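Here is a short report on salt bridges and helix packing. Please keep the sequence and the model in view while reading.

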Amino acid sequence: MKRSRTAALLIMGVTPLALTSCSRETQTEGLYTSVESCIAQTNDSYNCQQAFDQARRQAETDAPRYASREACVAEHGADTCQPRSDASGHSYFMPLMTGFLIGQLMRGGQTVDLNGAPAFQDRAGNWQRPAAPSSGGVYRPGSLGTTAMAPIAAQPDRAPTVSRGGFGSRSAGSGG
Amino acid sequence: MRRVAIPPRANWRERAEQSGFRFHTIDGEPYWDESAYYAFTLHQIEHDLEAPTEDLHAMALDLVGAIVASEERMRRLDIPEPFWDWIARSWQARDAHVVGRMDLAYDGHAPAKLYEFNYDTPTSLFEAAFFQWQWLDDQQRDGRLPVAADQFNSIYESLVEALAMIAPQLPRPIRFAALRDAVEDQGTSDYLRDCALQAGIECAALAIEDVGLSADGRYTDLDDAVIGTLFKLYPLEDLFREPFGRHLPDSGLRLVEPPWKAVLSNKGILPLLWEAHEGHPNLLPAYFDDGADPLPAGWVRKPLHSREGANVRIALPDGERIETAGPYTGPAIRQAFHPLPQFDGRHALIGSWVVGDRACGIGIREDASPITRDSARFVPHAILEAGTATLLA
């Protein structure tokens, strides 16, 4: 046979076709600093917003908590530490969520599971996330409770943009 | 090779809609045309198209090393000097390449002749790889084509495989970029990204106009993230000459298609191929154009960087002249005139796809004019044994 056994699309169109030849799973994870930048990079406004909302809810429960502003600032820097209080009136400090992760589990070319998770930054700007209980995160001295933080491996390589629009001056299409 | 009329699928517009094929009609004119198809024999496909495509591809790649090492040749190809070392390094490192298309004139009998390579920003990829495949599948289900019918089209499988192979060498996510408002380019770029996602590669998309530059000369996305790998459906020669271009060699950016493709997406490769393989059955005589007017009868003049059949001038053997408009100026090549075959009064051009280094499929474009332009219609094809098409059509 001179043709592909199947032809499938994943993101194009509104009705992804079932893949018949691919059953493997892939896990991807992306780190974004805003819903807007997520949409700009993925063209997927629904999942960006879902993941962001999920991350925000999770941040309220899973963000590291500190007994004092000083302890929080020592870990996360002065700009992000916010006072909070729990249901029984105890006050504490926690860092703002400055990014969110989208974890996607794909099987047979289709998204079967999608998770949003909050991301925080330490003083040096390194990204970290609340660690799963079993994963053995970094213990935070001075923190309340048991939230351990784990570094985020795939950190976005970042550089402040000083100009845009230096490519793309061609007015017509580029194809040939 | 025959042109055979066939009823279009009743639901083909819905099929196009479902698959995100938005440019099937351009400026009110059909671009996708399934009121007919081209029928080939397996021998024609394998012997006359597939094998020559692989030969021509290998012959072209064989020349790259000598070209990038020669200042005289790089100048001849009008590649700006600041990029010579960078291009040579990308060849020495064999930076990964993914996809290219070569255009062939073939009438079903005589050897296919190479018109040109589209090795940097080839379009009509989605139509060839996906929509044409689906057309055959649907027509077989509807009983209008025999189940034994086939198609020279493993482009999709080849793309997913090639992308999966090269991904480990590339910083990820791979960002796919094309001009924001070029619907056809965006569709092609989306299709490539779709295939990359199916290969399990992290991807993102942005408009080429949105690429940013940091103070230290690296390229950024809208989120100020540094772009490690840019799969751009945008001409290398334009990147070179635009304001951000001078940072390319030191930015650390990995480009797909890679910088060395600037040598092959350039029509100057045609005279260099002829010089190296004069008389090859699949090549047309070609020379660098000295600019002398008038163009002698029996020759075609093409600017080095012309695309979509723009700024092509033909002096037919009988002396008549045909010329297309366009934005391209600068140095040109001259190629021996070799007419496209006509089927039912339409000039048919074969786009033969190479993914990685494998010839893996074709797409056919028909134009009313002897020069195939961006308005040429895409007509699907099938492989049939002789006789079956007329019985069933």
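## Basis

This is a predicted model: local features need pLDDT of at least 70, side-chain atom pairs count only at pLDDT 80 or more, and totals for chains, interfaces and linings use all residues. Residues are numbered from 1 along each chain as its sequence is written, chains are lettered from A and ligands numbered from 1 in the order in which they are written, and side-chain values use heavy atoms, with hydrogens and water left out.

## Salt bridges

Side chains of opposite charge can pair when their charged atoms come close. A salt bridge here is a side-chain nitrogen of Lys or Arg within 4 Å of a carboxyl oxygen of Asp or Glu. Over all chains, the count comes to 38 salt bridges.

One of them joins B:Arg73 to B:Glu275, with the closest N and O atoms 2.4 Å apart. B:Arg73 lies in helix H3 (residues 71-76) of chain B and B:Glu275 in helix H9 (residues 269-276) of chain B, so the pair ties together parts that are 202 residues apart in sequence. Helices (H or I, at least four residues) and strands (E, at least two) are DSSP runs, numbered from the N terminus. B:Arg73 is partly exposed at 22%. B:Glu275 is exposed at 54%. From B:Glu275 to B:Asp78 the C-alpha atoms are 18 Å apart in space, and the two residues are 197 apart in sequence.

## Further pairs

B:Arg144 bridges to B:Asp142, the closest N and O atoms being 3.8 Å apart. B:Arg144 is partly exposed, at 26% relative accessibility.

B:Arg334 pairs with B:Asp290 at 3.1 Å between the closest N and O atoms. B:Arg334 sits in strand E17 (residues 332-336) of chain B, and B:Asp290 in the loop between strand E13 (286-288) and strand E14 (299-303) of chain B, so the pair ties together parts 44 residues apart in sequence. B:Arg334 is buried at 13%. B:Asp290 is exposed at 60%. Shared partners also join B:Arg3, B:Asp344, B:Arg346 and B:Glu366 into one salt-bridge network.

## Packing of H2 and H4

Helix H2 (residues 42-68) and helix H4 (residues 84-92) of chain B pack at about 140°, with axes 10 Å apart. Axes are lines fitted to C-alpha atoms, for helices over the stretch in contact, and angles run from 0 to 180 degrees between N-to-C directions. H2(B) and H4(B) are therefore oblique to each other; angles under 35 degrees count as roughly parallel, over 145 as roughly antiparallel, 65 to 115 as roughly perpendicular and the rest as oblique.

Contact means heavy atoms within 4.5 Å. B:Leu61, B:Val64, B:Gly65 and B:Val68 in H2(B) meet B:Ile87, B:Ala88 and B:Trp91 in H4(B).

In H4(B), the buried residues are B:Trp84, B:Trp86, B:Ile87, B:Ala88, B:Ser90 and B:Trp91. Their cover includes H2, H3, helix H8 (236-241) and strand E12 (254-256) of chain B. B:Arg94 follows H4(B) and has a positive phi, near 50°.

H9(B) is mostly covered, with six of its eight residues buried. These are B:Ile269, B:Leu270, B:Pro271, B:Leu272, B:Leu273 and B:Trp274. H2, H3, strand E6 (113-118), E13 and E17 of chain B are among the elements that cover them.

Terms used
Buried means under 20% relative accessible area, exposed over 50%, partly exposed in between (1.4 Å probe, protein chains only).
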